[in-house]
Amino acid sequence: MRKAIQVAREATATGDVPVGAVVMDPFGEIVGTGNNRREVDSDPTAHAEIIALREAAIAKGSWRLDGYTLVVTLEPCAMCAGAISQARIKTVVFGAWDEKAGAVGSVWDVLRDPRSPFRVEVVSGIMQEECAALLTEFFQGFRK
C-alpha cells in the first residue's frame, strides 16, 4: 500500500484526483503501477486501476492476470471492478472506502456478487486513514 500511496501522490502534479494502484504478480513483484490520469489524458477511463492493469498485462504478455493482486488507495468504481474481474485478478486490497461510487462493498459489490463469473478476494481498510487523507487534502484545495 505504501507504493500505491506514493504513486497516488504523483497524480496531484497533473491535477488529477490522487488515487494510486499497483499490480503484483503471484511472487509479490510489482509488475504494473498507475495513478489517475483522466485530466492529463482527457480520458474518462484513465483510472489508476485501469492503467496499472494495462501495465501488468503488457509485462505478462497476456490480459489474463490469474493469481495477481491489485492494491489501490481507494475502493474501485464499477468500471474498474468490471476490469478487475475481466482480468481475473485474484485479490484486491484497498485503503479508503468510496461512499459515493465504490463498487467493492460500499455502494455496490460487483466483485463479490454471486452472479459474477469470477470470485475475487477483497481486503479493505488497509492504511485507510493515510489513503483517505490524500483525498481530503486534495479536495480541501477546491473548498477554500
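This is a predicted model: local features need pLDDT of at least 70, side-chain atom pairs count only at pLDDT 80 or more; totals for chains, interfaces and linings use all residues.
Local features are taken at pLDDT of at least 70 and side-chain atom pairs only at pLDDT 80 or more, whereas totals for chains, interfaces and linings use all residues. Residues are numbered from 1 along each chain as its sequence is written, and side-chain values use heavy atoms, without hydrogens and water.

Helices (H or I, at least four residues) and strands (E, at least two) are DSSP runs, numbered from the N terminus. Helix 3 comprises 13 residues (48–60), and because each residue contributes 1.5 Å, the helix should span 18 Å, in agreement with the 18 Å between its end C-alpha atoms. The expected span is 1.5 Å times one less than the number of residues.

Buried denotes under 20% relative accessible area, exposed over 50%, and partly exposed in between (1.4 Å probe, protein chains only). The buried residues of helix 3 include Ile50, Ile51 and Leu53, together with Glu49. Among the elements that cover them are strand 1 (20–24), strand 2 (30–35), strand 3 (69–74) and helix 4 (78–86). Strand 1 is itself mostly covered, with 4 of its 5 residues buried.

| Pair | Sense | Bridges | Bridge partners |
|---|---|---|---|
| Strand 1 and strand 2 | antiparallel | 5 bridges | glycine 20 and asparagine 35 |
| Strand 1 and strand 3 | antiparallel | 4 bridges | methionine 24 and threonine 69 |

Two glycines have positive phi. Glycine 61, which follows helix 3, has a phi near 80 degrees. Glycine 28 has a phi near 90 degrees and belongs to the hairpin of strand 1 and strand 2, with 5 residues between the strands.

Note on methods
Contact means heavy atoms within 4.5 Å. Two strands pair if DSSP finds at least two bridges between them.
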